[in-house]
Amino acid sequence: MRKFVFFGGKGGVGKTTMSSAYAVKCARAGVKTLLVSTDPAHSTRDVFDQEFTDTPAPVEGEPNLDAMEIDPETEVREHLMETKRAMSDQVSPAMVNEIDRQIEMAHQTPGAHESALFDRFIDVMRDSDEYDRVVFDTSPTGGTLRLLSLPEYLDGWIQRLLHKRKQSVKLFERAAIGNNEPRRMMEGDPIIARLEKRRDDFKFAKETLQDDAAFFLVVNPDELSIRETKRAVDKLEEYGLDVRGLAVNRLTPEPDPDEEGRGATFLRDRVKTEQERLRELREDLSPPLVAAIETRVAEVKGDFLGEVADEIEVDVELTPEKV
Ligand SMILES: Nc1ncnc2c1ncn2[C@@H]1O[C@H](COP(=O)(O)OP(=O)(O)OP(=O)(O)O)[C@@H](O)[C@H]1O
Ligand SMILES: [Mg+2]
């Protein structure tokens, strides 16, 4: 398996459950693992009965496992502060207020959330040398994936900007013979440096996600979830990402053959419907089924987590596939 593993899927299907179970599976096999959660509901705390923060910390009772929780709200706020700080260094004081307002507005848009989170993902991926595996309890969706085409876009933009600046520097030099101040300013231009950093970050993200990451989609055996999953597979593949498998969660357990009564009949009928959905999944989607997890009587934590971990057929060995 590749170093970075993502479990995506729509709300509530079991991403946190599956990624926690897979992280436990990796750790118990001796692979040094980091579990990264972006759940605003902090469900990783519930799974392990332990508080986590933005900094990786050991999971009690799992010697090879660390976990961290990224809070999307905090990320957006910090992103906002950072952008304001960077801009106020670069524009005249008179402009600062206007620009602040513009930046704040930009951060109200839905994409801001994804963008701030994605920046944090990039940091985590860059700083993950001490881990052999990093498991994310989410996967990039449409908006974030579009950011992957940013490097090319930024490249063109930076080139054009540099060209324009060079031209104006030339003109200035002609007018003020011997003054090479503008040239020096251009060489250390903070705006261009920032754009270049951004371009490099996204280039790194794109290469890492394409060459060193595997994606799994968690799906429930119902029509809505399956439809969403189809769309998600297409989107991920469109960006050259490797969708390794589908993890089916919340299957209805079958009653024993001698069980009678309404409850048993309901369960049998439900199982039949779900078998039909599973068939659809196998026929209509190319990634293979890597797990078929039944609904447990209670939330998946404690012993249940170990059980689910055993049922996920995703290998844990490290295969450095980066070429
Ligand atoms: N197979 C299962 N049996 C019983 N409970 C389950 C099962 N899978 C998940 N759950 C429970 O359902 C709830 C939602 O699961 P989980 O938090 O893993 O979903 P999620 O996809 O991460 O949700 P969100 O989109 O809100 O982050 C949790 O309380 C979890 O313990
Ligand atoms: Mg979750």
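Predicted model: local features only at pLDDT ≥ 70, side-chain atom pairs only at ≥ 80, totals over all residues.
# Notebook: a first walk through the model

I began at aspartate 49, which is exposed, with a relative accessible area of 61%.

I placed aspartate 49 in the loop between α2 (43-48) and β3 (57-58). I then looked up its backbone and found a positive phi of about 55°, although aspartate 49 is not a glycine.

Arginine 250 gave me another case: its phi is near 70°, positive in a residue other than glycine. I found arginine 250 in strand β7 (residues 243-251). With a relative accessible area of 45%, arginine 250 is partly exposed.

**Entry: stepping back**

I wanted the overall picture next. I counted twelve helices and eight strands in the protein. The C-alpha atoms fill a box of roughly 100 × 40 × 40 Å along the principal axes. Of the 323 residues, 44% are buried. I also checked how far apart in sequence the contacting residues are: among contacts between residues at least 6 apart, 75% join residues at least 24 apart.

**Entry: phenylalanine 136**

Is phenylalanine 136 buried or exposed? I looked it up: phenylalanine 136 has 0% relative accessibility, so it counts as buried. Leaving out residues up to four places away in sequence, I listed what phenylalanine 136 touches: Phe4, Val5, Phe6, Phe7, Ser19, Val36, Phe121, Val124 and Met125.

**Entry: aromatic rings**

I noted that a pair of aromatic rings is described by the distance of the centres and the angle of the planes. My count for the model came to eight aromatic pairs. One of them joins phenylalanine 48 and phenylalanine 52, edge-to-face, at 6.3 Å centre to centre with 85° between the planes. Both phenylalanine 48 and phenylalanine 52 are buried.

Another pair brought me back to phenylalanine 136, which forms a tilted pair with phenylalanine 121, at 4.8 Å centre to centre and 45° between the planes. Phenylalanine 121 lies in helix α5 and phenylalanine 136 in strand β5 (residues 133-136), so this pair ties together parts that are 15 residues apart in sequence. Phenylalanine 121 is buried too, at a relative accessible area of 6%. I then saw that Phe6, Phe121, Phe136 and Phe215 form one aromatic cluster.

**Entry: valine 218**

I moved on to valine 218, in strand β6 (residues 213-219). Its relative accessibility is 1%, so valine 218 counts as buried. How far apart in space are valine 218 and glycine 14, which are 204 residues apart in sequence? I read 6.5 Å, C-alpha to C-alpha. Setting aside neighbours within four places in sequence, I found valine 218 in contact with Phe7, Gly8, Gly9, Val13, Gly14, Lys15, Met18, Thr229, Ala247 and Asn249.

For helix α1 (residues 15-28) and helix α12 (residues 303-311), the axes come within 8 Å and cross at roughly 80°. That makes α1 roughly perpendicular to α12. On the α1 side I listed Thr17, Ser20, Ala21, Val24, Lys25 and Arg28, which meet Leu305, Gly306, Val308, Ala309 and Asp310 in α12. By class, this contact has five nonpolar, three polar and three charged residues.

Helix α10 (residues 223-238) and helix α11 (residues 262-284) pack at an angle of about 10°, with their axes 11 Å apart. They are therefore roughly parallel to each other. I found Glu223, Ile226 and Lys230 in α10 meeting Arg277, Glu280, Leu281 and Asp284 in α11. The residues of this contact divide into two nonpolar, no polar and five charged.

Key: Residues numbered from 1 in each chain as written. Chains lettered and ligands numbered in written order. Heavy atoms only, no water. Axes fitted to C-alpha atoms, helices over the stretch in contact; angles between N-to-C directions. Helix = DSSP H or I, 4+ residues; strand = E, 2+ residues; numbered from the N terminus. Parallel < 35°, antiparallel > 145°, perpendicular 65-115°, else oblique. Contact = heavy atoms within 4.5 Å. Nonpolar A, V, L, I, M, F, W, Y, C, P; charged D, E, K, R; others polar. Buried < 20%, exposed > 50% of the residue type's maximum accessible area, 1.4 Å probe, protein only. Phe/Tyr/Trp six-rings, centres within 6.5 Å; stacked < 30°, edge-to-face > 60°.
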